[in-house]
Amino acid sequence: MHLLKQTTAIAFGLGLLMATTAAHAGGTVEVLHWWTSGGEAKAVGELKKSFESQGGTWIDSPIAGGGGDAAMTALRARVVAGNPPAAVQLKGPGIQEWARQDVLNDVDEVAQKEQWDKVLPPVLAAIMKYDGKYVAAPVNIHRVDWFWANPAVLAKVGISEMPKTWDEFNADADKLKAAGITPLAHGGQPWQDATIFENVVLGIGGADFYRKAMVELDPNALTSDTMVKSFDQLRKLRGYVDANFSGRDWNLATAMVMRGEAAFQIMGDWAKGEFLAAGKKPGVDFVCAPTPGGAFNLNADSFTFFKVHGADRLEGQKVLASLIMSPGFQETFNLAKGSIPARTDVSLDKFDACAVKSHEDLLAAIKNNTLVPSVAHEMAVPRSVRGEFLDLVTKFFNSDMSSADAVKELAAAVKRAQTE
Ligand code: GAL
């Protein structure tokens, strides 16, 4: 063979070999998630991009549906079929529920090497571990108890400050309604109904009450006057939504606020990701303020690692775990997602005032013991109990059920779920 040709052939062969090695340098991960709205897709796109830039192969498995109920159904089917995805957007007690079924892989080797224990709030680290080993990696800290509003719409009826109590909110909403403006953008889906309801409970009862009723599921708290009052407030909110609320996706409700078709939305700060993805400026085009309660309603997203086999897939899980927890990724991802980093050592210099407020309030809540986990977002109770909450709250929202009947039905349903 001609020398040049021979060299070329060798070089070509080497290149091929290198290309093959490079393609597998970061391993392969199939990632199941429900991040399909504008802001969500942008944020998860950052993860995909970083993973691929390290030479990994990313298999995207998005299952649309805010709050993740459809994604969790798909996950169950995959696990039952013995073919789970390598990494799943899954959080809270759900991680422990799957771990008990022995279907998770741990990434503890990475976690120990990178000393995750030192950079995560203990409350989050505990959720990520099973049997003392990390089986999940947290990407963020979302806050659920937020009002989002369009300041130009509020100004039309002379509202210059965000409400601090539910009574103040009702007064603002009455003014808006009288002026022919939809006070509350809402999507009638069970998880969205439950999101606004739990924020109401937190505002009316405070953190200790929320914990007793919604987390410890104390029957007296569940049937108390405070709970009756919470349902009364939910009934009021029902009167502030537009006629087409039923079934609407949460991001479409956010768009109503953006376009000035409604004044407020009560939603976690993934709504901020939507505003930002649409080029809206915090403090100018939209404003944020915590809903009443002086607490912090926590929802942290994480990726949980399921049992996969083969060197390439195991490598993929390790690379992804390390990437998720890297400070640079935590910054980029959370700037897009609307949340704040799960790591405590990432600077918030590039973050907006809503994120800074979230961080300050989180620290205060940890100190004052007013940090509570979200029921609607799978941080508080087993899925079966959460399901009962969602069903009852939605039934109430879409009927003329009395608050007195609602608390009785809720307590009975929760008890049923616990004894099943
Ligand atoms: C939450 C999730 C958020 C956001 C939201 C709407 O449960 O934690 O990241 O995506 O659902 O889909």
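I began with Lys395 and Glu409, whose side chains meet in a salt bridge at 3.0 Å, N to O. I am working on a predicted model. Lys395 sits in helix 18 and Glu409 in helix 19 (residues 403-419), so this pair ties together parts that are 14 residues apart in sequence. I then looked up accessibility for both ends: Lys395 counts as partly exposed at 44%, and Glu409 counts as partly exposed at 34%.

Are the two ends buried or partly exposed? Arg386 has a relative accessibility of 2% and is therefore buried, whereas Asp69, at 24%, counts as partly exposed; the cut-off that separates them is 20% relative accessible area. I also noted that Asp69 and Arg386 belong to one network with Glu378 and Arg383, joined by salt bridges that share partners.

I checked a further pair, Asp117 and Lys129, whose side chains meet in a salt bridge at 2.9 Å, N to O. Asp117 lies in helix 6 (residues 116-119) and Lys129 in strand 4 (residues 129-130), 12 residues apart. Asp117 is partly exposed, with a relative accessible area of 43%, and Lys129 is partly exposed at 21%. For the record, the count of salt bridges comes to 25.

I turned to covalent links and found one disulfide in a search of the whole structure. Cys288 and Cys354 form this disulfide, with their sulfur atoms 2.2 Å apart, and the two cysteines link distant parts of the chain, Cys288 in strand 11 (residues 287-290) and Cys354 in helix 17 (residues 353-368), 66 residues apart. Cys354 is buried, at 5% relative accessible area.

Last, I searched the whole structure for cavities and found four of 30 Å³ or more. The largest cavity holds about 100 Å³ of space; of the 15 residues that line this cavity, the closest to its centre are Trp34, Glu40, Gly67, Trp270 and His377. Why does the largest cavity lie between domain 1 and domain 2? Domain 1 (28-142 + 299-354) and domain 2 (143-298 + 375-419) both give residues to its lining, so I placed the cavity between them.

Terms used:
Residues are numbered from 1 along each chain as its sequence is written. This is a predicted model: local features need pLDDT of at least 70, side-chain atom pairs count only at pLDDT 80 or more; totals for chains, interfaces and linings use all residues. Side-chain values use heavy atoms; hydrogens and water are left out. On a 1 Å grid over the protein atoms alone, a cavity is a set of points where a 1.4 Å probe fits but cannot get out, and a pocket is an open set with protein on both sides within 12 Å along at least five of seven lines; lining residues have an atom within 4 Å of a point. Grid points are joined across faces, edges and corners, and a volume is the space filled by probe spheres set on the points. Domain bounds come from an automatic or database domain assignment. A disulfide is a pair of cysteine sulfur atoms within 2.5 Å. Helices (H or I, at least four residues) and strands (E, at least two) are DSSP runs, numbered from the N terminus. Buried means under 20% relative accessible area, exposed over 50%, partly exposed in between (1.4 Å probe, protein chains only). A salt bridge is a side-chain nitrogen of Lys or Arg within 4 Å of a carboxyl oxygen of Asp or Glu.
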